[in-house]
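Hi,

Here is the structure I promised to pass on. Please have a look, then read my notes below.

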Amino acid sequence: LPSELFKMTSLMFLRLYNNSFSGTVSGDVGDLVSLVELNLAHNNFNGTIPSAIASLSALGYLDLSYCSLTGSLPDATNWTDLYSLDVSYNDLSGPLPDTLGGQTSLYSLYLQNNKFSGTVPSTWGGLSSLQYVSVNDEAVTGAIPNTFCSLTRLQSLYLAPGIGCYPSCISSFRVVAAPSTSPNTRPECEFCPAGQTIDVETTMC
């Protein structure tokens with residue numbers, strides 16, 4: 001990316017998606033202190049998401065999907081105005097970020113097709129505006145936290161096949177389970193209504 005871009009400190013919208021930019025995303029992106037929207041999706045970057053991006057406190061929309069990025073997501077504590085985050089189809093790894101739980105404006109969260117691991121953070125129950133969630137990495141396991149019962153606006157969940165149990169309150173949501181690599185996998189669901197199980201092939205609870 002041209003270094004001159006990062007001198008435009010009053011820039012609010014940076015949309016460079018669907019191009020052939022390459023190299024790393026410069027840490028100088030943190031100098032764009034007025035940035036509200038950053039869309040670098042569908043480019044040929046490499047390397048990690050610069051930690052300086054975490055300082056962009058005005059950021060509302062961040063799309064870094066399809067960029068071949070590695071490493072982990074930066075701390076999201078300062079993204080208090082963030083309403084849409086899409087980092088899908090990269091090679092990001094590590095645990096799902098619990099710091100996202102404080103982003104009460106966030107309504108769409110797309111993390112699918114990466115290499116995240118661990119469990120779904122209970123802090124995500126604080127995402128009071130959340131409507132769409134997509135997490136399908138097979139190393140994400142465990143149960144959907146009971147704190148998700150607070151997500152009254154939630155409309156769609158696209159989930160990893162390793163996630164086995166859902167609170168009964170999820171039965172009112174549109175629950176979609178990612179296809180499993182093990183066709184016969186039907187994880188028992190302790191909290192499913194009427195003692196049902198989750199069938200990750202039929203996708204409904």
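Tyrosine 89 is partly exposed, with 35% relative accessible area. Bear in mind that this is a predicted model.

A search of the whole structure gives three aromatic pairs. In one of them, the rings of tyrosine 61 and tyrosine 83 have centres 6.2 Å apart and planes at 50 degrees, so the pair is tilted. Tyrosine 61 is in strand 5, and tyrosine 83 is in the loop between strand 6 and strand 7 (84-86), so this pair ties together parts 22 residues apart in sequence. Tyrosine 61 is partly exposed at 22%. Tyrosine 83 is partly exposed too, at 29%.

Tyrosine 89 pairs with tyrosine 66: their ring centres are 4.4 Å apart and their planes are at 10 degrees, so they are stacked. Tyrosine 66 sits in the loop between strand 5 and strand 6, tyrosine 89 in the loop between strand 7 and strand 8 (91-95), so parts 23 residues apart in sequence are tied together.

Ring pairs also link Tyr61, Tyr83 and Tyr107 into a cluster.

Now the backbone. Most residues other than glycine have a negative phi. Tyrosine 66 has a positive phi of about 55 degrees. Its relative accessible area is 37%, partly exposed. Histidine 42 has a positive phi of about 60 degrees. Histidine 42 lies in the loop between strand 3 (37-39) and strand 4 (44-45).

The largest nonpolar core has 49 residues, and Leu38, Ile53, Leu62, Leu111 and Trp124 have the most contacts inside it. Strand 11 (132-135) and strand 13 (156-159) each supply at least two of its residues. Beyond its neighbours within four places in sequence, leucine 111 contacts residues including Leu73, Phe116, Trp124 and Asp137.

Best wishes

Terms used: Residues numbered from 1 in each chain as written. Predicted model: local features only at pLDDT ≥ 70, side-chain atom pairs only at ≥ 80, totals over all residues. Heavy atoms only, no water. Core = buried A, V, L, I, M, F, W, Y, C linked by side-chain atoms within 4.5 Å. Buried < 20%, exposed > 50% of the residue type's maximum accessible area, 1.4 Å probe, protein only. Helix = DSSP H or I, 4+ residues; strand = E, 2+ residues; numbered from the N terminus. Contact = heavy atoms within 4.5 Å. Phe/Tyr/Trp six-rings, centres within 6.5 Å; stacked < 30°, edge-to-face > 60°.
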